[in-house]
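Subject: Structure for you to look at

Dear colleague,

My notes on what was found follow below it.

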Amino acid sequence: MTRPAEPTPQQHEIRALHTDTTLTVYQAYAPSLGLPAARDGRFPPAWKRDRMTWIKPSFLWMMYRCGWALKEGQETVLAVEITREGFDWALANAELSHYERGVHPDHASWQRTLRGAPARVQWDPERDLHLNRLSYRSLQLGLSGEAARRYADEWTVSVRDVTPLARRIHELVREGADDAAAPLLPEETPYTAAGRVPRLR
């Protein structure tokens, strides 16, 4: 019996590992910061809460960004489980990271909104197991100011070191064992936010 084809993901659809109350995002850090965060289940004081931080619901986009945890300063990959309430708040208070004709009235109004937004949304091409671009997009969410502080100190439920998983999947991909690598990926399914989500046209 032929297995039915999976539906093609929507162009600007959030896909993530999530439960009824939480959603998992990924970040990569140097071991000096990432390992203490995973050990304690929260970000240490050394984590700069006054700087913008980018969170990614897509595991493979994180692998593209950190080069399978091989890039300098990104050797520790963290799976950060946060509350859906916090994630949705960030989305509802976010602005697109760049001006989009047809979405914003004009460039000046977009700049004004961006300056006051504690979060920003960026839609980048999703990646496959070989980190090639796919035809649909993946969400990145930048947090600054109030959003960054709440992410680190209020929304975070757990922090896990998933570097061994990243390395195992990468090893299988390099061996040409895609069929063995794919089932190890986190199960990311469409996520419906409670409020608005800034999208491109």
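Strands E2 and E4 run antiparallel and are joined by 8 bridges, and one place to look for this pairing is threonine 24, whose bridge partner in E4 is glutamate 81. Please keep in mind throughout that this is a predicted model. Glutamate 81 also stands opposite serine 158 in E8, and the pairing of E4 with E8 is again antiparallel, this time over 5 bridges. Taken together, these 3 strands form an open sheet in the order E2-E4-E8, with antiparallel pairing. E2 and E8 stand at its edges and have a single partner strand each, so one side of each is left without a neighbour in the sheet. If direction is ignored, neighbouring strands of this sheet are turned by 25° against each other on average. E4 itself is mostly covered, since buried residues account for 6 of its 8 positions.

Which residues of helix H1 are buried? In this helix, which spans residues 31-40, they are Leu33, Gly34, Pro36 and Ala37. In an α-helix there are 3.6 residues a turn, so residues three or four places apart point the same way. The cover over the buried residues of H1 includes strand E2 (22-29), strand E4 (76-83) and strand E8 (156-161), the strands that make up the open sheet described above. After H1 comes glycine 41, and the phi of this glycine is positive, near 75°.

Two further residues deserve a look for their backbone angles. Most residues other than glycine have a negative phi. Alanine 69, however, has a positive phi near 65° without being a glycine; it lies in the loop between helix H2 (59-66) and E4, and with a relative accessible area of 2% it is buried. Leucine 131 is likewise not a glycine and has a positive phi of about 65°. Its place is the loop between strand E6 (119-127) and strand E7 (133-143), where leucine 131 is buried, with a relative accessible area of 16%.

The aromatic residues come next. The structure holds 8 aromatic pairs, one of which is formed by phenylalanine 87 and tyrosine 191 in an edge-to-face arrangement, with 5.6 Å from centre to centre and 80° between the planes. What does this pair tie together? Phenylalanine 87 lies in helix H3 (residues 84-92), whereas tyrosine 191 lies in the segment after strand E9 (189-190), so the pair ties together parts that are 104 residues apart in sequence. Both phenylalanine 87 and tyrosine 191 are buried. Elsewhere, Tyr29, Phe43, Trp47 and Tyr151 form one aromatic cluster.

Is histidine 170 buried or exposed? This residue, which is found in helix H6 (residues 163-174), has a relative accessible area of 14% and is counted as buried because that value is under the 20% cut-off. If neighbours within four places in sequence are left aside, histidine 170 is in contact with Trp68 and Leu70.

Finally, here are some values for the protein as a whole. There are 7 helices and 9 strands, and of the 201 residues, 49% are buried. Among contacts with a separation of 6 or more, 75% are between residues 24 or more positions apart. The protein exposes about 10,600 Å², of which carbon and sulfur atoms supply 48%.

With best wishes

Technical notes. Residues numbered from 1 in each chain as written. Predicted model: local features only at pLDDT ≥ 70, side-chain atom pairs only at ≥ 80, totals over all residues. Heavy atoms only, no water. Buried < 20%, exposed > 50% of the residue type's maximum accessible area, 1.4 Å probe, protein only. Helix = DSSP H or I, 4+ residues; strand = E, 2+ residues; numbered from the N terminus. Contact = heavy atoms within 4.5 Å. Phe/Tyr/Trp six-rings, centres within 6.5 Å; stacked < 30°, edge-to-face > 60°. Pairing = 2+ DSSP bridges. Axes fitted to C-alpha atoms, helices over the stretch in contact; angles between N-to-C directions. Areas by Shrake-Rupley, 256 points an atom, 1.4 Å probe, with all protein chains shown as cover.
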